[in-house]
Amino acid sequence: MSPDSFQESLLGHLKYSLGKDADHASTYDWRVALTYAVRDRIVDRWFASTRATYAGQEKRVYYLSMEFLIGRLLEDAVVNLGLMDTARETFQAMGLDYKEILSDEPDAALGNGGLGRLAACFMESLATLGCPAYGYGIRYEHGLFRQRFEGGRQVEEPEDWLKQVNAWEFTRPEVAINIGFGGHVHVKGARGIWRPSEAVIAEAHDTPIIGWQGHWANTLRLWAAQPTQLFDLERFNQGDYAAAAEPEALARTISRVLYPDDTTEDGKALRLKQEYFFTAASLRDILRRFDSEYSDLKLLPQKVAIQLNDTHPAIAGPELVRILLDERGMPLDDAIETARLCLSYTNHTLLPEALERWSEGLMTRLLPRHMQIIGQIDNAHAKSYPSRAVTVREHGQVKMGELSFIMAHHVNGVSALHTELMKETVFRDLHELHPERIVNQTNGVTPRRWMLGCNPHLAEVITDAIGPDWVGDAEKLSELEPHIEDAQFVERLGAVKHSNKIALSNWLSSEHGFAADPRALFDVQIKRLHEYKRQHLNILEAIALWQEIRDNPDAGWTPRIKIFAGKAAPGYVFAKEIIHLINSVATRLNADPVTSPYLKVIFVPNYNVTLAERLIPASDLSEQISTAGKEASGTGNMKFAMNGALTVGTLDGANVEIRERVGAKNFFLFGMTAQEVVARREVEAHAAQAIAADPRLARAIETLRDGTFAPDAPARFAGIADNIAGPDYFLVSSDFTDYWRAQREVDATFAKPEVWARMAGLNIARSGWFSSDRTIRGYMNDIWNAQVAQDMKKLAAE
């Protein structure tokens with residue numbers, strides 16, 4: 001597309017879509033006009049892809065996820081359409097700052113962490129590969145929350161990403177699906193007639209997702225909850241204005257916030273409503289599309305593959321059985337089997353408490369027919385496997401992990417270690433009954449966003465060395481290996497990293513008043529706050545290092561900037577106290593004139609995709625320090641490696657495979673293995689033993705008790721100290737000594753720039769296997785039995 005025709009489209013949208021002329025347009029106006037101009041290019045291919053799918057009667061993949069952490073879409077779309085130079089030149093010719101216009105786009109507040117970002121990467125890879133697919137989720141008005149700090153404590157505020165027009169989406173008022181809750185069930189023979197007592201409408205909002213080079217586009221369909229009765233005019237005219245608006249307010253509550261606090265019964269009910277709302281609407285939409293092409297329900301598994309991203313959409317099994325049994329007249333056993341052949345389930349956790357459970361009372365109250373069908377599914381499974389030791393219902397609760405497993409034809413883990421541990425732990429009994437069901441699909445990330453988009457200067461160096469094909473086939477990054485022996489090439493890689501660090505340093509200074517010397521080691525841990533991710537191990541090591549530097553400031557310390565980012569769930573008190581501790585430590589350390597030249601700490605607020613795109617390219621060290629056996633995979637670890645950061649980490653999740661591929665010499669390993677973790681927990685007073693054996697650790701813990709970081713309230717962080725020194729389930733104390741050793745190895749290596757640069761280059765060259773394109777091919781072949789669309793090559797040639 002020529003700059004002239006692109007400019008014509010841009011100015012046309014500025015005038016006719018936004019009602020502005022170029023002389024009076026704001027940055028917002030230019031950004032929205034640019035979005036519309038780019039969206040126009042996508043829509044043609046989106047329509048062509050949809051027509052090709054219908055014409056070829058292709059099998060479709062449906063990805064159901066509570067989160068789609070898509071971030072900003074504009075630059076992603078510009079990159080995939082190959083319009084980067086055209087767009088930049090167009091704005092430069094008009095005297096406008098292209099980068100400022102891109103930066104005006106708000107992050108879509110549709111996710112929290114790795115689960116949602118994985119879903120977003122998968123959607124982009126599905127489109128890149130030409131696999132017909134829909135993503136289904138919720139259009140959250142306020143997302144998770146906007147994070148800020150007050151006195152070092154996390155404060156949650158509502159996200160406001162939708163206060164401006166979302167120029168990417170198409171609202172589909174004709175796709176309005178009635179979703180019921182509560183009520184009663186009348187059983188008539190094998191069928192049940194459910195009469196809900198309340199209902200909302202699921203309204204569809206579509207966003208086209210374009211793949212690399214713009215050959216294929218799929219749909220992300222998000223549901224917004226609307227009332228069946230918008231406004232009670234009679235109550236309004238009676239003067240009861242709040243009650244008149246109540247139906248709308250109650251309905252919209254369902255799609256307002258991601259993961260509402262579920263420490264109350266009302267919170268639990270809202271969460272279950274959310275999960276059923278988007279799952280039921282999605283299944284209705286899937287069946288509507290199937291019915292438009294086929295009349296034989298036996299074909300459903302051949303044409304429909306439904307992937308459940310974690311247990312949030314687990315109600316899909318009972319809901320699909322309910323529709324097939326109660327509404328379509330299919331016998332129960334056939335309905336269960338047909339549903340199972342359509343459904344597959346991705347497990348993301350080995351934490352038993354993270355596998356959702358709902359009380360039978362709540363399930364019966366909100367979804368009475370589904371509670372009956374869950375019982376029938378459980379009974380049918382018991383009949384088929386009379387010796388089984390596991391049930392779906394237990395102690396008055398419905399176990400959604402077990403329900404997901406039983407109702408799926410395949411259950412996949414997201415790293416090799418995680419998959420094996422699933423078989424041995426959370427699903428051991430079910431694996432023994434169904435040994436063929438669990439398969440592995442190690443996670444991946446899209447190199448278009450996480451290299452080409454967020455680190456364009458690195459991409460340029462790579463392309464100069466091996467050509468551009470790596471963007472669509474990341475495993476071609478291996479062709480960089482011979483260049484790692486070229487000193488000039490490695491020097492260019494180092495120059496890119498330093499440039500990225502300068503840019504981050506400048507941003508931290510302007511936005512947060514934090515001075516970061518780009519010559520220092522940038523040590524980064526960015527992920528949601530959880531005890532198993534062990535941000536408290538990281539800050540404990542920082543405290544110990546601070547004490548060592550104070551004791552011997554002239555010992556030739558490697559300057560280090562510790563950078564944290566991530567959000568704690570509103571109801572997760574301990575995680576929020578870890579944030580408070582990190583900020584308190586930062587306040588003390590950063591003001592210390594003796595140690596601050598060598599060690600500083602910052603917790604950057606409101607972590608999101610855009611912040612990750614800023615931090616990852618500038619990072620030297622990637623902290624992947626979870627307790628072995630607890631992290632399912634991780635995807636941040638992959639992004640860091642692709643961008644030339646070295647990893648300090650445990651043998652947990654995908655760290656195992658990263659270390660295998662980049663080489664043990666290019667990875668700073670520490671800590672116990674998953675098997676050693678289990679054995680260590682059996683040791684009485686294991687934390688006390690570790691503390692007694694390491695005076696450095698004992699001294700660091702003591703600062704949490706004596707008010708070093710809370711002089712106004714000395715006991716403020718005693719609870720964290722008591723946890724680390726007492727039960728210490730996540731083995732911070734037991735892994736501390738080896739973590740300290742690994743960090744000093746990091747220091748020594750960073751002090752040798754040529755050695756570090758070569759290790760970083762090998763991480764880049766050997767990380768291509770972690771592309772989400774490879775992961776999606778695995779799902780297509782091993783789980784979904786889905787093919788690349790027949791017309792993909794034809795569309796690519798057009």
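Which residue in strand 11 is the bridge partner of Asn309? The partner is Thr346. Strands here are DSSP runs of E with at least two residues, helices are runs of H or I with at least four, and both are numbered from the N terminus.

This is a predicted model, in which local features need pLDDT of at least 70 and side-chain atom pairs count only at pLDDT 80 or more, while totals for chains, interfaces and linings use all residues. Residues are numbered from 1 along each chain as its sequence is written, and side-chain values use heavy atoms, with hydrogens and water left out.

Nine strands form an open, mixed sheet in the order 5-8-9-2-1-10-11-15-16. Two strands count as paired if DSSP finds at least two bridges between them. Strand 5 (170-181) and strand 16 (438-440) are the edges, each pairing on one side only. From one strand to the next the twist averages 25°.

Now take strand 10 (residues 304-309). Strand 10 runs parallel to strand 1 (residues 60-64), joined by five bridges. Within that pairing, Tyr63 has Gln307 as its bridge partner. Four bridges join strand 10 to strand 11 (residues 343-346), again in parallel. Six of the six residues of strand 10 are buried, so the strand is largely enclosed by the rest of the structure. Buried means under 20% relative accessible area, exposed over 50%, and partly exposed in between, with a 1.4 Å probe and protein chains only. In a regular strand the side chains alternate between the two faces of the sheet. Val304, Ile306 and Leu308 are buried on one side of strand 10, and Ala305, Gln307 and Asn309 on the other.

A nonpolar core is a set of buried Ala, Val, Leu, Ile, Met, Phe, Trp, Tyr and Cys residues joined through side-chain atoms within 4.5 Å. The largest has 145 residues, and Ile306 is among those with the most contacts inside it, as are Leu34 and Trp784. Helix 10 (residues 265-291) gives the most to this core, with 12 residues. Another core, of 58 residues, lies apart from it and includes Trp212 and Val609.

Helix 10 has 27 residues and reaches 38 Å from first C-alpha to last, close to the expected 39 Å. The expected span is 1.5 Å times one less than the number of residues. Helix 22 (residues 535-551) reaches 25 Å, close to the 24 Å expected. Helix 22 is mostly covered, with 14 of its 17 residues buried.

Notes: Axes are lines fitted to C-alpha atoms, for helices over the stretch in contact, and angles run from 0 to 180 degrees between N-to-C directions.
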